Amino acid sequence: MNLVLFLRMQQKVLILDFGSQFTQLIARRVRELNIYCEIHPYNNVKVDVEDYKAVILSGSPHSVRSSEAPQPDLSKIKGKIPLLGVCYGAQYLAHFFGGEVGASKTREYGRANLSYVASNSVLFHGIEKDSQVWMSHSDTILHLPENYTCIASTHDVENAAYKIEEEDTYAIQFHPEVYHSTDGLTLLKNFLVDIAAVEQTWTPDCFVDTTVAAIREKVGDDKVVLGLSGGVDSTVAAVLLDKAIGKNLHCIFVNNGLLRKNEFESVLNQYEGMGLNVKGVDASSRFLEGLKGESDPEKKRKIIGRCFIEVFDEEAHKLTSVKWLAQGTIYPDVIESVSANGGPSATIKSHHNVGGLPDFMKLKIVEPLRMIFKDEVRRVGKSLGIDPELLGRHPFPGPGMGIRILGDITAEKVRILQEVDAVFINGLKAWGLYDRVWQAGAMLLPVDSVGVMGDERTYEKVVALRAVESTDGMTADWVDLPYKFLQETSNKIINTVKGVNRVVYDISSKPPATIEWE
């Protein structure tokens, strides 16, 4: 069975995106229920909505009272397919169908508790009064249309949830997809499983079997080349491809000179132990020469990307009869490239995996992970028997140390940062803190600091340590690491890494900061 046919056979949920920062979280939570779902911009739905068992309307940064308010065509959905409106979706279904939405007296943002829950509501089955929910809106529903019934309230929001009579249409003013809504997953399950009767058949084992069969059907006896990074996505993609086509898969692992300390050698050994057909290429000097004297972050990224393409293309041309390029593209990359109204995410970063292949390479694309999220990638990797330590690796930016060295890059600065990073990461592992952290790393600042070592004055570098907790990287909080650990780590860095005399710890959250410094 090919993958397209398999996805058609899955009972699917359609999520209409109105530009909310939480839309991906809705999809991830639905997938946690072993239900397949897809996100499509409300204004660019290129699928037949009748193929979906349920529809969810996302939140939005827009107000329904604005002249620019998104107005989807729901003629084939409302009253015909089970429908759940979330935040903006709830306000839309009220405002444009005879109700009234107005500005809140105070911005309703953050934690709230349900003060009323309708006892006979299927949507709230198993959810008690006082359950915590997460609000994020500046408008509120003042009056519901005549055939709408309120089924939940908070102390400040009377119409926190409602049902449309004679329809399987529900709406909620809060966000069940965020983890602050303690019974959010229960509510989604009630809607999708009990109301919409969607089957929970989207499992990692099922995905593996179907994807392997789809790759064999698509690629046949052709050869495929894949650039490995040492990260989770490319590794899981490689194992899936290897399972499908074996030695017809050729992997290339490029050392750009900006990896973690000894990472090139250790990752190569790990891949060889997995039986993958991998060639390691040390192009460190080429990358460092290309970056010489450049301080602008975006220009550094482009130089690193260009050098990688050049090295990868040269190595790929040494192989004969290669017709396919495999990429570790995952679903967030795809979503952010076609988000509603261009989407804020589309302007923050571009995704080289999505439509970024240079024309001169003349290779067809195979992307085995294109329809799944990062947490699903890890579950698929577990199903494939990949080492848990590898699957649990923290994310590491594609440009590596190149965007963790602020300012220009030299071999000496790379050495310093690699040593600092090794002390920090190894320390987290030794203290049993590594798995508490979603991502950690060190930044080398373009600052020299006065210090004293022994009886001598020093004028050396400052490094910032960064550790965050997150579920997907879209938002992140700094991790409150033990003072004793930070003290020990700082002392070890200053005493063992030549060129550093000051260590600071970054306690900024995302937003307003980003995880990386460049």
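In this predicted model, ring pairs join Phe18, Tyr42, Tyr88, Tyr92, Phe96 and Phe97 into a cluster. The structure contains 17 aromatic pairs. One of them brings phenylalanine 18 together with tyrosine 88 in a tilted arrangement, the centres being 5.3 Å apart and the planes at 45°. Phenylalanine 18 and tyrosine 88 are both buried.

A further pair is formed by phenylalanine 253 and phenylalanine 264; their ring centres are 5.4 Å apart and their planes meet at 35°, so this pair is also tilted. Here phenylalanine 253, in strand S11 (residues 249-255), is linked to phenylalanine 264, in helix H7 (residues 263-273), and the two are 11 residues apart. Phenylalanine 253 and phenylalanine 264 are both buried.

Charged side chains also meet aromatic rings. Lysine 78 lies over the face of phenylalanine 97, 4.7 Å from the ring centre, and phenylalanine 97 is itself a member of the cluster described above. Elsewhere, lysine 12 places its charged end over the ring of tyrosine 52, 4.7 Å from the centre of that ring.

Helix H2 spans residues 23-32 and is mostly covered, with nine of its 10 residues buried. The buried set comprises Thr23, Gln24, Leu25, Ile26, Ala27, Arg28, Arg29, Val30 and Arg31. After H2 comes asparagine 34, which has a positive phi, near 60°.

Note on methods: Residues numbered from 1 in each chain as written. Predicted model: local features only at pLDDT ≥ 70, side-chain atom pairs only at ≥ 80, totals over all residues. Heavy atoms only, no water. Buried < 20%, exposed > 50% of the residue type's maximum accessible area, 1.4 Å probe, protein only. Helix = DSSP H or I, 4+ residues; strand = E, 2+ residues; numbered from the N terminus. Phe/Tyr/Trp six-rings, centres within 6.5 Å; stacked < 30°, edge-to-face > 60°. Lys NZ or Arg CZ within 6 Å of the ring centre and 35° of its normal.
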